[in-house]
Amino acid sequence: MTALLTIVAAILVFGIVVLVHEWGHFRAARRCGVRVEEFAIGFGPAVWKHTGKDGTLYSIRLLPLGGYNMMAGYIDPNDLEEDESGRIRVRPDAESQPPIKKPRGAPVLPDAIDGKTYPEATAGQRFFIIASGALMNFVLGFVLLVILVCMQDAITSKIIYGFSDGALSQQTGLQAGDEIVAVNGHYCFTANDIVYELQRTENYTADFTVMRSGEITQVPGVQFATRTDENGNTTMVLDFTVYGIAKTPKTVVRAAFNNFMYYARVILRSFVDLATGRVGVTELSGPVGIVSAIGTAVSYGLADVLSLAALITVNLGIFNLLPIPGLDGCKLIFIAIEGVSGHAVPEKVQGAINAAGMILLLLLMVFVTFQDVNRFL
């Protein structure tokens, strides 16, 4: 039963996150008057497809690892070649795009298509279309966090309520009533931020910035006790508790925003840790690892599933905006260059860079998937 719930939850989480991302691209394209020939969830052979009244082919494909919008006028750079005179043209043997059906009756959406192709859109419109996928992931993440906060009995604050007996942190500077503003110079949006920063400290000592009696106060060198488990692992003891905040529409929205910022910063710092070598590639997880994490969340309950779904969708949005070839972030850079210089980066150059990036990303996915499988063997 747990395995079935894990499969269902994984399909729902992946499906909704991808659907929202691609729907963001789709709605932005329609808003800009660009015709979308196909809206697809997944890759590979189609298991379901339907042509709507707007002429768009809607499809669900076999491999649920992403999706795409095929926009009118888009040319695959791999279908380009240079002729004898040095001009770029579409290969004669390239697969032509399917004919577009004319709308039959009223449009499905109020901003009906006007026949514009993607290359005909302005640089600003194309930037908006590409960026909207990640933007919708952020909107979904915020909505999930609002739901999650509403499910909680109370909202956790950053104000210290009390200490355990003999608390080392109290002996080295912290006081009841202190509102924790930052730890080691990093602003804390939520109580989770405090825990995250303390986990990254060295020698179980941290510098705190607190609001005390209405004034910002620096409390350097706050120390924490440690404990060691039966396996010899040493961890820091968090020896204070914080106040809870009553739920109102204002505090719920604020808490959801703060949790969103917490997720976003943890994700960004994880990428920085990976780039600087603080975290190794061997610690990455792919689809198999994510499904396993979803299974664990299912065993704990709906709140954990929603929290993980929010983390996944925010992560997807941020990851897609990174300036990595093959991702939306790289496409945005090309469009920005065109907008500033007035000249588009040659399609052949864009194609080569994005193709190389996609190959590396696919190899990375194979590597992390192999790691995930090995962890379960």
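Reader: Before we start, what counts as a contact here?

Author: Contact means that heavy atoms lie within 4.5 Å. In the protein chain, residues 24 or more positions apart account for 65% of the contacts with a separation of 6 or more.

Reader: And what kind of model is it, and how are residues numbered?

Author: This is a predicted model, in which local features need pLDDT of at least 70 and side-chain atom pairs count only at pLDDT 80 or more, while totals for chains, interfaces and linings use all residues. Residues are numbered from 1 along each chain as its sequence is written, and side-chain values use heavy atoms, with hydrogens and water left out.

Reader: OK, how many helices and strands?

Author: The protein chain has nine helices and 12 strands, where helices (H or I, at least four residues) and strands (E, at least two) are DSSP runs numbered from the N terminus.

Reader: How much of the chain is buried?

Author: Of the 377 residues in the protein chain, 39% are buried, taking buried as under 20% relative accessible area, exposed as over 50% and partly exposed as in between, with a 1.4 Å probe and protein chains only.

Reader: Let's look at helix packing. At what angle do H1 and H7 cross?

Author: The axes of helix H1 (residues 2–31) and helix H7 (residues 302–321) cross at roughly 40° and come within 10 Å; axes here are lines fitted to C-alpha atoms, for helices over the stretch in contact, with angles running from 0 to 180 degrees between N-to-C directions.

Reader: Which residues make that contact?

Author: From H1 the contact uses Val13, Val17 and His21, and from H7 it uses Val305, Ala309, Ile312, Thr313, Leu316 and Asn320. These residues divide into six nonpolar, three polar and no charged, where Ala, Val, Leu, Ile, Met, Phe, Trp, Tyr, Cys and Pro count as nonpolar, Asp, Glu, Lys and Arg as charged, and the others, Gly among them, as polar.

Reader: What does Val298 touch?

Author: Val298, which sits in helix H6 (residues 287–300), touches Leu5, Ala9 and Val305, not counting residues up to four places away in sequence. Val298 and Ala3 are 295 residues apart in sequence, and their C-alpha atoms are 9.7 Å apart in space.

Reader: Switching topic, how many aromatic pairs are there?

Author: The count comes to 12 aromatic pairs, given that rings of Phe, Tyr and Trp (its six-membered ring) pair if their centres lie within 6.5 Å, with planes under 30 degrees apart counted as stacked, over 60 as edge-to-face and the rest as tilted. Tyr187 and Phe189 form an edge-to-face pair, with 5.0 Å centre to centre and 80° between the planes. Ring pairs also link Phe163, Phe208, Phe224 and Phe240 into a cluster.

Reader: Where is Gly185 relative to Phe208?

Author: Gly185 and Phe208 are 23 residues apart in sequence and 7.6 Å apart in space, C-alpha to C-alpha. Gly185 lies in the loop between strand S6 (179–183) and strand S7 (186–187), and at 70% relative accessibility Gly185 counts as exposed.

Reader: What about the phi of Asn203?

Author: Asn203 has a positive phi of about 60° although it is not a glycine, whereas most residues other than glycine have a negative phi. Asn203 is found in the loop between helix H4 (191–199) and strand S8 (205–212), and its relative accessible area of 68% makes Asn203 exposed.

Reader: And Tyr204, what is its phi?

Author: Tyr204 also has a positive phi, near 55°, and lies in the loop between H4 and S8, where Tyr204 is partly exposed at 31% relative accessibility.
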